[in-house]
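Here is a set of questions and answers on one structure. Each answer ends on the value or name asked for.

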Amino acid sequence: MSAQISLKDLEKNVFQKSFQDGLIDIQIGCVLVMFAVAPLLSPYLGDFWSSMIFLPFWGVIYLGVREIRKKIIQPRVGIVEFGKYRKTRQKKLNLVILVFNLLVLALGVASFFNFADLPGWVHPIRFSAVILVGFSLAGYMLEFPRLYFYGILISLAPLIGEFLYTTFHASHHGFPITFGITSLLIILFGLGTFLRLLKEHPVVSQEELE
Amino acid sequence: MIDESREIKENHPLSDIDQVIHAPARLMILVLLYVVESLDYVFLKNQTGLSWGNLSTHLGKLENAGYIDIEKGYQGKKPQSKIKLTPQGREAFKNYKSNLQTVLDDLPD
């Protein structure tokens, strides 16, 4: 029995190591940049376009990360394919994400219709709850503990922002400050992890592989 | 070269233990392959800490025993191999685990 448990732990450790390249952190941080910068662009571009202009930016980041993983990470760390257990878990996560996104969409549509009637704190609390639940679900399904921490960190951003807005009249509900700091912290952590990995895993030469 | 299967006398309690698997380096390789679907040389080297030479030798022994399958291919100009546990290897590993457990459980405290 103990042998089974340790093998399961080993599989989990190997799986968790596949997230230790820092790229997922950089991606999360780059997504958050939108929440910091879009409110500042809103007076010039409007609410819709100030967010939409980030789509190509996210696309570039996504493609960039994919290429970096393929050309820089994989030759150093190697390639591993996980078994049925992980594949089933991944499928479940995709389903959960789909249901979660539909719920968020429904919430968004609902707030569009009663936006004016809601008191100031309702939006940041709802936003924080959605982020916390989303990241916790992903952390649980992927067995990736850092996502719980990110969930807490990111869900604090709208609440602290609202506090800064109500107390110190910070512009744009404090989003540029709180999301700016949060995204910067996450990106810096990701960059640090990425650079450490490059230092610890030198490129394997073709001669060694042959 | 020493024939590892002859290292233990036939009537010894450990004679049921598969000597191809029992070497620490090969056991480490098989344990990793047991928990994933496939991996490549670089990943295996990083996980086991073995040198290229040792890794190649042990993989050769496991491949000769029919416990692993090495699918050699290329990604661009770089060689890229996919190493998998065969059904025979999976069965042998399960037997090894249960045999070793039996032998160890029989020992007095």
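Q: At what angle do helix α2 (residues 23-52) of chain A and α6(A) pack?
A: This is a predicted model, in which local features need pLDDT of at least 70, side-chain atom pairs count only at pLDDT 80 or more, and totals for chains, interfaces and linings use all residues. Residues are numbered from 1 along each chain as its sequence is written, chains are lettered from A and ligands numbered from 1 in the order written, and side-chain values use heavy atoms, without hydrogens and water. Helices (H or I, at least four residues) and strands (E, at least two) are DSSP runs, numbered from the N terminus, and axes are lines fitted to C-alpha atoms, for helices over the stretch in contact, with angles from 0 to 180 degrees between N-to-C directions. The axes of α2(A) and α6(A) are 12 Å apart, and the angle is about 15°.

Q: Which orientation class do α2(A) and α6(A) fall into?
A: Angles under 35 degrees count as roughly parallel, over 145 as roughly antiparallel, 65 to 115 as roughly perpendicular and the rest as oblique. The angle here is about 15°. The two helices are therefore roughly parallel.

Q: Which residues of α6(A) make the contact with α2(A)?
A: Contact means heavy atoms within 4.5 Å. The α2(A) side supplies A:Asp25, A:Ile28 and A:Leu32. The α6(A) side supplies A:Arg146, A:Leu147, A:Tyr150 and A:Ile154.

Q: How many charged residues does the contact of α2(A) with α6(A) have?
A: Ala, Val, Leu, Ile, Met, Phe, Trp, Tyr, Cys and Pro count as nonpolar, Asp, Glu, Lys and Arg as charged, and the others, Gly among them, as polar. This contact has five nonpolar and no polar residues. The charged count is two.

Q: How are helix α5 (residues 122-142) of chain A and α6(A) oriented to each other?
A: Their axes come within 8 Å. They cross at roughly 175°. The pair is therefore roughly antiparallel.

Q: How many nonpolar residues are in the contact of α5(A) with α6(A)?
A: The α5(A) side includes A:Phe127, A:Ile131 and A:Phe135, and the α6(A) side includes A:Tyr150, A:Ile154 and A:Leu159. By class, five residues are polar and one is charged. The nonpolar count is 16.

Q: What is the handedness of the crossing where α3(A) passes α7(A)?
A: The axes of helix α3 (residues 54-77) and helix α7 (residues 175-200) of chain A come within 9 Å and cross at roughly 45°, so α3(A) and α7(A) are oblique to each other. A crossing is left-handed if the near helix is turned anticlockwise from the far one by less than a right angle, and right-handed if clockwise. This crossing is left-handed.

Q: Which residues of α7(A) does α3(A) meet?
A: From α3(A) come A:Ile68, A:Ile72, A:Ile73, A:Arg76 and A:Val77. By class, the contact has seven nonpolar, no polar and one charged residues. On α7(A), the residues are A:Phe194, A:Leu197 and A:Leu198.

Q: What is the relative accessible area of A:Arg86?
A: A:Arg86 is found in helix α4 of chain A. Leaving out residues up to four places away in sequence, A:Arg86 touches A:Glu11, A:Lys12, A:Phe15, A:Leu142 and A:Glu143. Buried means under 20% relative accessible area, exposed over 50%, partly exposed in between (1.4 Å probe, protein chains only). A:Arg86 is buried, at 5%.

Q: What C-alpha distance separates A:Phe100 and A:Val133?
A: A:Phe100 sits in helix α4 (residues 84-113) of chain A and is buried, with a relative accessible area of 19%. Beyond four places in sequence, A:Phe100 is in contact with A:Val130, A:Val133, A:Gly134 and A:Leu137. A:Phe100 and A:Val133 are 33 residues apart along the chain, and the C-alpha separation is 9.0 Å.

Q: Is A:His169 buried or exposed?
A: A:His169 lies in the loop between α6 (146-168) and α7 of chain A. Phi is near 55°, a positive value in a residue other than glycine. At 67% relative accessibility, A:His169 is exposed.

Q: Which residue follows α3(B)?
A: Helix α3 of chain B covers residues 41-48, and its buried residues include B:Tyr41 and B:Phe43. The residue after α3(B) has a positive phi, near 75°. That residue is B:Gly49.
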